[in-house]
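Please look over the structure shown here before reading on. This report walks through a few of its features.

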Amino acid sequence: MKKIVLTLALASFAFVSCKKNEDASSKINSETVTSENTTAPEVANSIKTSTTETVKDGTPVATFNKTEHDFGSIKKGSRNETEFEITNSGNTDLVIINASASCGCTVPEYPKTPIKPGNSAKIKVAFNASSVGNQSKTVTLTTNTATGTELLTIKANVEE
């Protein structure tokens, strides 16, 4: 009898503690903030953009200074880092919910706080060169943009 009660209690706890599937826009702050002296379209026009998405009312838009970085030829066993700059050229807060790499040798660091319209933040990506040869790794950003994801790529030719 105790086993049955314990099993039911654990099952109830697991059922209640599971989160429902939420969309990314529910993760952001609902208040609207405008930047001083700069509008989102001005920022979008002043930097190299990799996003062809148009700015819609209430939609954050992620633009990058680059979406690909090539380390060139590097030595096996070396640790290499680069930074990507992300700018919110939309009208509401941009939230990066998660950043996941295609391989354990690649480690992204991303801002955990919302990026206000017109503001920028850095995404650091570290690559540990453990295998010889041409390497291409990706970092997938889960965001609250219209597309929901953004993709960054790093490349290197790892030599002995």
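The sections below cover the core, a strand pair and the salt bridges.

## Core

This is a predicted model. Its largest nonpolar core has 23 residues. Those with the most contacts inside it are Ile86, Ile123, Phe127 and Leu141. Several strands each supply at least two residues of this core, among them E1 (62-64), E3 (79-88) and E7 (133-143).

Phe127 is in contact with residues beyond its neighbours within four places in sequence. They include Phe71, Ile74, Cys105, Thr106, Ile154 and Val158.

Side chains alternate along strand E5 (residues 106-109). Thr106 and Pro108 point to one face and are buried.

E5 pairs with strand E6 (residues 120-128) in the antiparallel sense, over four bridges. Val107 has Ala126 as its bridge partner in E6.

## Salt bridges

The model has four salt bridges. One joins the side chains of Lys155 and Glu68, at 3.5 Å from N to O. Lys155 lies in strand E8 and Glu68 in strand E2, so the pair ties together parts 87 residues apart in sequence. Lys155 is partly exposed, at 32% relative accessible area. Glu68 is partly exposed too, at 42%.

Asp93 forms a salt bridge with Lys116, with the closest N and O atoms 3.0 Å apart. Asp93 lies in the loop between E3 and E4, and Lys116 in the loop between E5 and E6, so this pair ties together parts 23 residues apart in sequence. Asp93 counts as buried, at 2% relative accessibility. Lys116 is partly exposed, at 25%.

Conventions
Residues numbered from 1 in each chain as written. Predicted model: local features only at pLDDT ≥ 70, side-chain atom pairs only at ≥ 80, totals over all residues. Heavy atoms only, no water. Buried < 20%, exposed > 50% of the residue type's maximum accessible area, 1.4 Å probe, protein only. Pairing = 2+ DSSP bridges. Core = buried A, V, L, I, M, F, W, Y, C linked by side-chain atoms within 4.5 Å. Contact = heavy atoms within 4.5 Å.
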